[in-house]
Structure formats: structure tokens, C-alpha cells
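Please have a look at the sequence and the structure first.

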Amino acid sequence: MRPTPTPAIALLSAIVAACQPAHAAPTAADRIAGTELIARDALFGNPERANVQLSPDGKYLSWVAAVDGVLNVWVAPADNPAQAKAVTQDKARGIRSYFWSYNPDTLLYLRDSGGDEDFHLYAVDLKTGQAKDLTPFPKTTAQVAGVSPKHPGTILVGMNDRDTKWHDIYKVDLASGQRTLLEKNESEIGGYIADADYQLRYATRSRPDGGADVLKRSGSGGWEKVEDIPFEDGLTTSPGGLTLDGQTLYFTDSRGRNTSALFAVDVASGKRTLVLEDARADVGGTLADPKTGKVQAVSVDYLRDEWKVVDPSIHADLEKLESIGPGDVSVNTRTLDDKTWIVAYSAAEAPLVYYRYDRPAGTLTKLFSARPKLEGKPLVPQWPVEITSRDDKTLVSYLTLPRSADADNDGKADAPVPLVLLVHGGPWARDSYGYGGYNQWLANRGYAVLSVNFRGSTGFGKDFTNAGNGEWAGKMHDDLIDAVQWAVKQGVTTEDKVAIMGGSYGGYATLAGLTFTPDTFACGVDIVGPSNLNTLLSTVPPYWASFFEQLAKRMGDPRTDAGKAWLTERSPLTRADQIKKPLLIGQGANDPRVKQDESDQIVKAMTAKKIPVTYVLFPDEGHGFARPENSKAFNAVAEGFLAQCLGGRAEPIGNDLKGSSISVPTGADGVLGLSEALKRHTQEVKK
């Protein structure tokens with residue numbers, strides 16, 4: 001049965017239809033009208049349960065879930081989830097990052113303020129219910145440097161309260177909060193590796209040439225250089241962690257090769273043993289024995305994530321986990337005795353489901369679905385594809401098709417539909433197969449979604465990553481254009497019905513798309529994207545100091561005239577007058593990475609030229625929209641914006657601004673129904 005269109009959808013369809021020539025082909029909304037419209041709340045509201053873990057002693061089961069609409073940590077007896085209680089009381093952005101200490105009844109979590117990324121580390125005593133800030137200093141970003149079952153009552157924490165650029169290392173008592181200085185970082189060290197006895201054994205230090213030195217603690221207590229990491233290996237080579245006996249250091253290494261491999265280094269002799277390599281992709285995550293720290297399996301993600309066993313003792317366990325289904329399996333936690341695991345399973349068309357794995361018995365017990373509201377909804381598969389760029393590079397990409405465009409579910413488009421090019425952030429990151437709320441949302445509204453690993457993306461070897469050096473708005477952008485042309489040739493879409501959308505670097509790519517190639521895209525959605533690369537690099541957080549040389553060499557050096565000129569030339573702000581297609585911008589006022597000024601600058605330039613733009617600003621957000629009320633509000637605006645541009649379906653904004661901090665400094669009249677929704681929202685806030 002087809003749902004009855006609401007008045008807002010009917011009006012929007014009429015407006016879109018009025019813009020079409022007579023006898024036009026059916027719109028995206030027409031094609032997918034028989035598919036149930038999935039509510040934004042089900043896609044972007046708080047998950048019912050997420051980040052499920054077990055305490056190391058197996059006593060407690062924990063997860064993140066909402067309390068009065070705000071995510072907090074819940075804890076239950078491991079054998080009775082129904083007795084769960086919230087053990088944190090956050091009332092703002094919510095808590096997402098937490099972990100268990102080895103101290104009985106002690107849980108740790110990280111929390112910032114309004115998205116400023118000055119994360120403080122807190123310890124919760126489950127017996128008393130009291131939470132203690134272990135890093136109670138202003139403008140301090142805590143970094144967990146070590147936890148050990150040998151020292152359950154303490155933890156190693158990096159704190160930058162003395163010098164905002166560099167973190168000193170402290171041993172912190174979990175009960176009292178007292179800290180003891182272990183290392184005053186006066187050597188500009190970017191990261192430390194401690195053993196299980198909290199001895200600092202290795203460190204890394206960046207160099208002015210963009211490379212890095214690997215340091216080892218000398219007999220005199222100082223640091224001596226033992227390894228050289230050239231600049232070209234900087235994103236694909238790094239020391240990992242030590243086994244619990246301190247005798248083996250794991251090292252991810254691309255030196256003398258293309259894809260990074262995992263090596264085990266004997267600490268005493270320096271002998272290196274290859275653990276795993278793959279010519280297609282860099283090594284990824286690892287599974288390690290909780291009692292020894294020995295790596296037992298390694299993941300490699302080319303088209304799909306695959307686990308490679310290196311210790312036969314867990315071969316049968318991974319086979320058991322893979323029997324859940326054809327999707328991807330990950331292990332969230334393992335108890336210290338390794339008898340019980342918490343396992344997460346997901347496919348592209350199925351959100352996370354959590355299981356308890358009893359290892360001795362070999363049995364799996366389903367615990368929770370992260371988003372049960374999506375069960376039975378018309379979610380669609382995702383298809384890995386390999387696209388060839390104009391200069392013969394392979395771009396691993398992921399295509400999501402609406403049901404209307406793939407009736408036989410073979411991953412091939414039956415008929416062209418509008419397409420959203422969804423660009424990942426970083427850019428030194430990657431897209432992977434799996435469930436994505438944005439992909440499912442856009443496909444449900446009638447759009448094909450294409451996510452492209454353009455050059456500069458990580459995970460496919462250093463050559464592919466380094467091919468992006470100096471190519472912002474250059475060959476990195478060419479790869480995106482080539483992917484769009486591939487989609488047109490494959491019959492997925494047509495040239496006039498492609499939008500570009502993304503966050504962070506993806507936001508930059510959106511702005512670049514509308515300024516450097518102003519005729520390619522029908523419209524763009526920029527989320528926290530930089531517009532001025534000079535101001536971007538001049539305002540990075542101070543604790544990024546160890547990474548700054550990498551930024552300067554991969555983008556452009558703002559300390560030189562040539563670098564400034566390059567950054568100016570590649571900045572969308574420089575070409576703001578070229579924008580002629582609709583643009584929606586979303587920004588968090590507290591963003592420490594891409595400051596609000598990045599959006600303000602281009603909005604100011606556009607309004608000065610009388611170029612329309614819709615600018616959505618959230619005063620309590622940072623680099624992305626963490627509060628679900630804000631996420632839903634922005635997506636409600638984006639949905640209406642894309643429907644006007646591409647002709648897809650749109651759920652009315654309705655009450656989706658409720659509880660959000662949304663403001664629209666300019667362009668509210670550019671999205672159907674937004675001005676009216678803002679008036680209602682303002683009236684409700686005043687009440």
C-alpha cells in the first residue's frame with residue numbers, strides 16, 4: 001500500500017514538477033513512491049544501545065544509551081541486563097567514549113564541552129556512584145597513554161596543561177585522582193609507548209622534513225633514535241604496542257614497500273618478523289590475546305574488511321563469528337580470562353547487532369540491536385566497485401542504490417536516478433563497506449549514493465596516499481569528477497542530477513566542486529568544511545604540533561610565500577564568485593579544527609556578491625553534530641534542500657528542530673518550510 005502524501009510533500013512535488021519540461025521523465029520521488037519513507041528519527045536519533053562492552057573481570061555488561069534524550073553509560077550485572085542503571089549523568093552532548101579499567105568496579109569515560117575537543121578523563125566508582133575528573137585543568141586534552149592489568153589502580157595519562165602543544169605523562173591514581181609526573185615532555189615528543197609496568201619504552205618525534213624519529217629509552221634514562229620514518233611513510237608507518245611481557249613491539253611498516261605490513265620486533269635483538277602483509281591494502285585492526293598482548297588476527301580492508309588469522313588458536317572462534325551472516329564482524333571486548341567476548345555484527349543493510357560469545361562453549365547469544373526501529377524497514381545493500389581514474393588509478397568506491405533503481409537487487413541501475421556524491425573527511429581516511437545512516441537515508445529518499453576513495457585516501461598503500469600530496473582541488477578532485485562520469489556511463493544517473501555533499505574535507509570538496517567546477521554539480525551540502533586553507537592552517541589546535549609538518553608538506557606551507565600562494569589558489573573562498581548552484585552550509589560554533597570563521601568567510605563573500613546561500617549554525621557543536629537533536633535538525637533542512645535540487649522525496653521538517661540549538665543566519669527562505677519551522681521553534685523555546 002502506498003502511503004498518502006502529506007500536504008508538504010504534495011506541495012514540494014508540485015513545485016518540482018513545475019520546474020520540469022512537459023513530458024519529463026519521472027522524478028526520484030515518483031520512482032520511489034511505493035517504498036516506505038523511513039523516519040529521520042529512526043536513522044539519526046539516539047541509538048537504543050551502542051558501544052556494548054564487558055568489564056575485564058566479566059562482572060559487568062555496559063553500553064551507551066539515552067537518559068532523558070542524552071547518551072550516558074549504563075551498567076548491568078553481566079548475567080542480568082534488565083538490572084541496568086545509568087552510571088553517568090551528562091545532560092549536554094552525551095557520552096560516547098568510555099572503557100573499563102582493570103580496577104574492580106571502576107569505569108572511565110571522556111567528555112568535552114560543546115564540541116571543543118578538550119576532553120577530560122573521568123573515573124566512576126560503581127560502588128559509590130561517584131565520578132571524579134582525573135584531568136581537572138582548563139584547556140587540557142587528556143590522552144590515555146597506558147592501562148595495565150599489572151597495575152589496576154592506576155592509569156597513564158598525557159596532559160597538556162603545562163604546554164598546550166605537548167603532553168606530559170602522568171601516572172594517575174584512580175581512587176584519589178592524585179597524579180605523579182613520569183615524563184616532562186621537553187623534547188617535543190608526539191606519542192609514547194609504555195610497557196605493562198608503566199615504563200616508557202618507546203616514543204615518536206616529528207621532524208621538520210615531515211618525517212619522524214622512533215626513539216627508545218636509553219640506559220641513561222634519555223632517548224636514543226632507533227628508527228627513521230621518511231615523510232613518504234609518515235601516514236603508513238608507526239610503532240604499535242608491546243606485548244605484556246615487554247619483549248615484543250608490534251610495528252606497522254610501509255618502508256621499502258607500498259602497502260603497510262605488520263611486523264613483530266624483538267625488543268632485545270631488534271630482529272623483525274613479518275606477521276601479515278597484503279599487496280592490495282594496508283593492514284588494519286588487530287585482535288590480541290588479553291593475557292599476553294600477542295596478536296592473533298589482523299584485518300585487511302580492500303573492498304570489504306577481512307580477518308586474517310595469524311594464531312591458529314582462534315581460527316575456530318572467527319569461523320564461528322563469521323557464521324552469523326555475510327556482513328562484517330568485530331570484537332568489542334574480551335574478558336581478561338578470554339572466556340567471553342562481546343561481538344558486533346553488521347551488514348550495509350543492517351545496523352549493528354551485539355552478541356555475547358561464550359568461547360569455551362562456542363555459543364553466540366544475541367543481546368541487542370543498536371537501532372531496533374530500523375528492523376523491517378526497506379534498507380538497501382551497498383556495492384563495492386572499482387573505478388578507473390583518467391590516469392589509471394583504481395578508486396575503490398561504494399555504490400548504494402534506491403530500491404526503485406535496482407528492482408532485481410544486482411547492484412546495477414535499472415534506470416538513472418539523481419545521485420549524491422558523498423565525500424569522506426580527512427582527507428587521510430577512507431570509506432569502507434558497511435551500514436551508514438546517511439547512505440540509507442539518501443537512498444530511501446530516491447538518490448543513488450556514491451562514496452569514492454579518491455587519491456590521498458588511506459588504506460591502499462603509501463603510493464595512493466602520497467598521490468594526493470599537493471592535489472587539493474587538483475587530482476583529488478579530478479578523481480571525484482571521474483567517479484561521477486563513471487556513474488553517468490553506467491546509467492546510474494544523468495549529468496544534470498548530481499549533488500555533492502560531505503563533512504570536513506568532504507565539505508571542502510563540496511565547496512571546491514561548486515567553485516572550481518561550477519557546472520558539474522546541481523547543488524552542494526557542506527558540513528564543517530574549510531573555505532580558506534591559509535586560515536585553516538593558521539588556526540589548527542596547538543596539540544596538533546607534531547602533525548603540522550605533515551599538513552604543510554601535503555597541502556602547502558603557510559610559512560612560505562610559495563605555500564601561501566598555493567593555499568590561496570586552492571581555497572574555494574578565492575573563487576566564491578564562481579558559485580552559481582544552490583549551497584547549504586552547516587557549522588558548529590565551537591569547532592576547534594575548522595573554525596566557524598571558515599564558514600563565515602565564504603558566506604560573507606557570497607552575500608556581498610548577492611549569491612544565495614543557506615547557512616545553518618549550531619552554537620553548542622564542534623566538528624560535526626553530536627547531539628541527535630542537532631543532527632536531526634540539520635538533516636531535516638538538508639533533506640528539503642536536496643529535494644528542491646534533485647527532486648527526491650522529503651519528510652516535512654515538522655518538529656525536527658525541537659530541542660536543537662539551530663540558527664540560520666542567512667538563507668532560511670532558500671529551503672521550503674524552513675522559515676516557518678524556525679518561527680515555530682523560536683516560539684517553543686520562548687515558552
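Let's start with Glu 471, which is buried (under 20% relative accessible area, where over 50% is exposed and in between is partly exposed, with a 1.4 Å probe and protein chains only), yet has no salt bridge. A salt bridge here is a side-chain nitrogen of Lys or Arg within 4 Å of a carboxyl oxygen of Asp or Glu. This is a predicted model, where local features need pLDDT of at least 70 and side-chain atom pairs count only at pLDDT 80 or more, while totals for chains, interfaces and linings use all residues. Residues are numbered from 1 along each chain as its sequence is written, and side-chain values use heavy atoms, leaving out hydrogens and water.

**Around Glu 471**

- The nearest side chain of opposite charge to Glu 471 is Lys 475, 4.6 Å away; Lys and Arg count as positive and Asp and Glu as negative, with His and the chain ends not counted.
- The side chain of Glu 471 does reach the backbone nitrogen of Lys 475, at 2.8 Å.
- Glu 471 sits in the loop between helix H6 (462–466) and helix H7 (475–489); helices (H or I, at least four residues) and strands (E, at least two) are DSSP runs, numbered from the N terminus.

**Salt bridges**

- Side chains of opposite charge can pair when their charged atoms come close.
- Across the whole structure, a search finds 51 salt bridges.
- One of them joins Asp 105 to Lys 127, with the closest N and O atoms 3.7 Å apart.
- Asp 105 lies in the loop between strands E5 (98–100) and E6 (106–111) and Lys 127 in the loop between strands E7 (120–125) and E8 (130–133), so this pair ties together parts that are 22 residues apart in sequence.
- Asp 105 is buried at 6% relative accessibility, whereas Lys 127 is exposed at 69%.
- Arg 201 pairs with Asp 195 at 3.0 Å between the closest N and O atoms; Arg 201 is partly exposed at 21%, and Asp 195 is buried at 12%.
- Salt bridges that share partners link Arg 40, Arg 445, Glu 639, Glu 651 and Asp 656 into one network.

**Cavities**

- The search finds 3 cavities of 30 Å³ or more; a cavity is a set of points on a 1 Å grid over the protein atoms alone where a 1.4 Å probe fits but cannot get out.
- Residues lining the largest cavity (an atom within 4 Å of a point) include Gly 654, Arg 680 and Glu 684.

Key:
On a 1 Å grid over the protein atoms alone, a cavity is a set of points where a 1.4 Å probe fits but cannot get out, and a pocket is an open set with protein on both sides within 12 Å along at least five of seven lines; lining residues have an atom within 4 Å of a point. Grid points are joined across faces, edges and corners, and a volume is the space filled by probe spheres set on the points. A polar contact is a pair of N or O atoms within 3.5 Å; within protein, one must be able to donate a hydrogen and the other to accept it, and residues adjacent in sequence count only if both atoms are side-chain atoms.
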